[in-house]
Amino acid sequence: MSTSRIPAYLLTAYRQTEYRVEAPQPFVLRIGLASPALLLLHRQSDVASSAFITACNPHSRLLTDSENAERQRRLGEAIAREGWRSLLGSGKHISGPWPAEASFLVLGIGRHGACRLARAFDQNAVVFCGEHCIPELVVLR
């Protein structure tokens with residue numbers, strides 16, 4: 001069994017984060033809790049999976065707003081290039097001082113594609129949602 005290179009406190013923070021999706025009727029994803037709103041969105045979008053991905057603050061190293069904005073722009077371009085649809089979102093810890101991170105909910109992306117995309121933007125983890133719409137934290141390092 002391999003262990004993560006990510007400190008336990010960061011993994012705990014990721015699991016406590018609220019992942020907000022800016023859908024026509026906004027909703028929040030929480031790790032391990034089924035999301036009826038996401039299930040409805042999956043059905044309406046005719047997809048079986050999605051992932052919540054950011055390009056901000058690579059490997060949890062805080063960048064400037066302008067650096068993060070440029071990284072998010074490039075992530076949006078990568079999502080469009082692959083032909084996936086996405087909705088804007090943000091991830092924010094429920095009580096911590098870390099600023100909210102701009103994100104995308106990428107519709108129709110599979111686990112492998114989500115991990116590949118998140119790794120390309122130097123992320124520690126990605127939130128993957130399969131057919132049961134229970135958000136799962138997938139640790140990448």
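Q: What share of the 141 residues in the chain is buried?
A: In this predicted model, buried residues make up 48% of the 141 residues in the chain.

Q: What makes the chain as compact as a globular protein of its length?
A: Start with the fold: the chain has four helices and seven strands, arranged along the sequence as α-β-β-α-β-α-β-β-α-β-β. The radius of gyration is 14 Å, and the globule rule gives 14 Å for 141 residues, so the chain is as compact as a globular protein of that length. For a sense of scale, the C-alpha atoms fill a box of roughly 35 × 30 × 30 Å along the principal axes.

Q: What share of the contacts with a separation of 6 or more joins residues 24 or more positions apart?
A: Such pairs account for 63% of those contacts, where contact means heavy atoms within 4.5 Å.

Q: Why is Asn 57 called buried?
A: The cut-off is under 20% relative accessible area, and Asn 57 has 3%, so Asn 57 counts as buried. You will find Asn 57 in the loop between β3 (50-53) and α3 (65-82).

Q: Which residue with a positive phi follows α4?
A: That is Asp 122, with a phi near 55 degrees. Asp 122 sits in the loop between α4 (111-120) and β6 (125-129).

Q: Why is Asp 122 called partly exposed?
A: Partly exposed covers what lies between the buried limit of 20% and the exposed limit of 50%. Asp 122 has 33% relative accessibility, so Asp 122 counts as partly exposed.

Q: Which residues of α4 are buried, and what do they pack against?
A: They are Gly 113, Ala 114, Cys 115, Leu 117 and Ala 118. The buried residues of α4 pack against β3, α3, β6 and β7 (136-139).

Q: How do you know that Arg 20 forms a salt bridge with Glu 18?
A: A side-chain nitrogen of Lys or Arg has to be within 4 Å of a carboxyl oxygen of Asp or Glu. For Arg 20 and Glu 18 the closest N and O atoms are 2.7 Å apart, so the pair qualifies. The structure holds six salt bridges.

Q: Are the two partners, Arg 20 and Glu 18, buried or partly exposed, and why?
A: Glu 18 has a relative accessible area of 15%, under the 20% limit, so Glu 18 is buried. Arg 20, at 36%, is partly exposed.

Q: What makes Arg 73 a partner in salt bridges with Glu 70 and Glu 77?
A: The closest N and O atoms are 2.5 Å apart for Arg 73 and Glu 70, and 2.3 Å apart for Glu 77 and Arg 73. Both values are within the 4 Å cut-off, so both pairs count as salt bridges.

Q: Why are Arg 73, Glu 70 and Glu 77 called partly exposed?
A: Their relative accessible areas are 39% for Arg 73, 33% for Glu 70 and 38% for Glu 77. These values lie between 20% and 50%, so each residue counts as partly exposed.

Terms used: Residues numbered from 1 in each chain as written. Predicted model: local features only at pLDDT ≥ 70, side-chain atom pairs only at ≥ 80, totals over all residues. Heavy atoms only, no water. Helix = DSSP H or I, 4+ residues; strand = E, 2+ residues; numbered from the N terminus. Rg over C-alpha atoms; globule rule 2.2 N^0.38 Å. Buried < 20%, exposed > 50% of the residue type's maximum accessible area, 1.4 Å probe, protein only.
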